[in-house]
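Please look over the model shown here with the briefing that comes after it. The points are grouped by topic.

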Amino acid sequence: METTPLRLKELSKKEVLLTAGHRMCSGCGAPIIVKMVLLASEYPVVACSSTGCLEVSSCISLLTAWKIPWIHSAFENAAATIAGTETMYRALKKQGRIDKEIKFITFCGDGGTYDIGFQSLSGAMERGHDMLYICYDNGAYMNTGIQRSSATPYGADTTTCPAGSVVPGKLQKRKDLTKIMAAHNIPYVAQASPSHWLDLMKKVRKAIEIKGPKFMNIIAPCNRGWRSMTNDAILLSRLAVETCYWPLYEVEHGITKITVTPKEKKPVIDFLKLQGRFKHLFAPENEWMLKKIQEDIDKDWELLLKAAVTEKEEEK
Amino acid sequence: MGKIVAATGNEAVAEALRQINPDVCAAYPITPQTDMMQRFASFVSDGKVDTEIMLVESEHSAMSACIGASAGGGRVATATSGPGLALMWEMLYVASGMRLPIVMPVVNRSLSAPLNIHGDHSDAMGARDSGWIQLWSENAQEAYDNTIQAFRIGEHMDIRLPVMVCLDGFIISHSIERMEYLDDNVVKAFVREYKSLNPLLDVENPKSIGPLILPDLYHEYKRAQHEVMTKVKDVVLDVAEDFKKISGRSYGLFETYRLDDAEIAVVILNSAAGTAKDIVDEFREKGIKAGLLKPRLFRPFPYEEVAHALKNLKAVCIMDRADSFGGYGPLFMEVSSALYPLNDRPIMINKIYGLGGRDFMPQHAEIVLDELVEIVKTGKFKTIKEYIGVRE
């Protein structure tokens, strides 16, 4: 099979499989991610979404933005649903009733992945289905109006953990789902960001070629929930990487590798200060929270550096 | 020719599933269904079926996987019981709303609390509004026969709906009875090759399945589901006629037993109908015109046909192995709705029996028929709804 080089000039000639005209908010990170993922794939893809922003905005009544087969069944079960389709594919292929090479990809938000869909995801990964589960993580239940999820970062103001005079936003640290998925000992787990499109698309390509269950967690800025400028999605996802809030790494067959190391690790406030959801943290009485966020990031980054193989080690 | 065997209900349904050889089967163990799926898993391990089995982490995922698999474009089966069916609840509506012909034996079990693993009809009755076709089975033979017919009914191109095949937990699922298996090739020819409709795996013709539909079209979508249900009765009867040709066994929308000239009757589902038929015989021997009606197709409910069958009775007891607390039993609600349009209708009473596996004994049927005799004599009844077989 001839593979399209991951160069903008060549990629621009490929058909975009999520059409314009969908109803996602302008400046949303999610459709950018979907387009990048589908552009990276050289195979026919069957996709599945859990209930959420992307789902309700991409297929309404008689209209669909998907140029590939796509299914949505409910909020909490995208992994089980696509696992069913993948199993039917194997059944029909075994019997010679289908001959194409088809890939299976989910696009789900953090609520449908970290919280209500977690059991379904964990089960599908354990059973070893040949599928790529992609979580577009915008850090809250944005579709229902910015309620906290277990992906919501510490300190964030949401509609169910509003920053008030007594409670200064979310008091719990976010769940580290990428690590949890790596602990499933599946062949491939990665974190990616649309700001680093080449890194993202390389990871998708790698994941698709690996047989078995794969998981990718992709940061997806949401200007409505993050209270940021509509044109800052890429800037914010880049700052998330450069501050090490969202490190870009992969765990391939148990080996952790950092794929993008920031040239200069920026202070996390560079990422936080552009977002209204963290505005209250900049009040003098909440300075301790900003300090805690930076400490947590530093600690997690150090742990990741320790876990990761360096390029030198890899050469050996 | 078929084969006479001694088999449990679970064994018989597992055998039907082996003969049907679905493409995908997703299941999760739950008492009393467990041993059905264990048997089917052995067929997979021993290469007796081509089925890809998915041993998922919950019934919710079992039904979700069945939805994904069926939408993919092949034949799909699962099975469950009681709380497992309850956990599937949201997805039951998705399966029927997407018009996916999944077949699911339901080994009827009570619902918690208190926890109870034994048979009653609370599970399937709770799912009666979910848009699934429901076939009910008195014994292992009927469960086996209904399972085979269910695929033809659900997969019919005019129908395309999921089907539940109900059989009583333990009483039928775990009791051995004499029954007949059809030959493998006869079953295979009867169920036919699976025909897919808008399969998701047809990547050349991409489809989006499961859209958001707001008030502009949702109402029409649901009316379409209602309309397809009105076609089910005819298909059930056509399939039954074909089934009679291969098995010699007759099936209808319901079974009537000594009902033609009856003055009193019970309406009762599944295994307890067998016990009640014996007592109907005893009353007949005493010269009392007793009869019985055992529904088979509960969804869609054959209102006109049931009304026609019961219209000449003087009194009828509708017996429910499930309760709608604060309401009448679910079977009573249907039968009384069926009879209401008649100008002249029997007196109707409702008995709740056998919850959580409480035995339905011959004397319970006797008490009920005695009460109906008394009602006919006096023209009066003491109460519409009452529990029987209760330890006071």
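The contact between the two chains of this predicted model takes 37 residues from chain B and 38 residues from chain A; two residues are in contact if their C-beta atoms, placed from the backbone, lie within 7 Å. Because the model is predicted, local features need pLDDT of at least 70 and side-chain atom pairs count only at pLDDT 80 or more, while totals for chains, interfaces and linings use all residues. Residues are numbered from 1 along each chain as its sequence is written, and chains are lettered from A and ligands numbered from 1 in the order in which they are written.

**Side of chain B that touches chain A**

- Helix 3 (59-72) of chain B is among the elements that each supply at least two residues, along with strand 2 (24-27), strand 3 (52-55), helix 5 (89-97) and strand 9 (208-209) of chain B. Helices (H or I, at least four residues) and strands (E, at least two) are DSSP runs, numbered from the N terminus.
- Helix 3 of chain B gives the most to this side, with 10 residues.
- By residue class, this side of chain B has 20 nonpolar, 10 polar and 7 charged residues. Ala, Val, Leu, Ile, Met, Phe, Trp, Tyr, Cys and Pro count as nonpolar, Asp, Glu, Lys and Arg as charged, and the others, Gly among them, as polar.

**Strand pairing across the chains**

- Strand 9 of chain B and strand 4 (residues 70-71) of chain A run parallel and are joined by 2 bridges; strands pair if DSSP finds at least two bridges between them.
- Ser208(B), in strand 9 of chain B, has Trp70(A) opposite.

**Domains of chain B**

- Domain 1 covers 3-247 and domain 2 covers 254-387 in the domain assignment of chain B, with bounds from an automatic or database domain assignment.
- The contact between these domains takes 28 residues from domain 1 of chain B and 20 residues from domain 2 of chain B.
- On the side of domain 1 of chain B that touches domain 2 of chain B, strand 6 of chain B has the largest share, 4 residues.
- That side of domain 1 of chain B divides into 13 nonpolar, 10 polar and 5 charged residues.

**Chain B as a whole**

- Chain B contains 14 helices and 16 strands.
- Along its principal axes, the C-alpha trace of chain B spans about 70 × 55 × 45 Å.
- Of the 392 residues in chain B, 54% are buried (20 or more other C-beta atoms within 10 Å of the residue's own, with C-beta atoms placed from the backbone).

Note on methods: A residue is buried if 20 or more other C-beta atoms lie within 10 Å of its own, exposed if 12 or fewer, and partly exposed in between; C-beta atoms are placed from the backbone.
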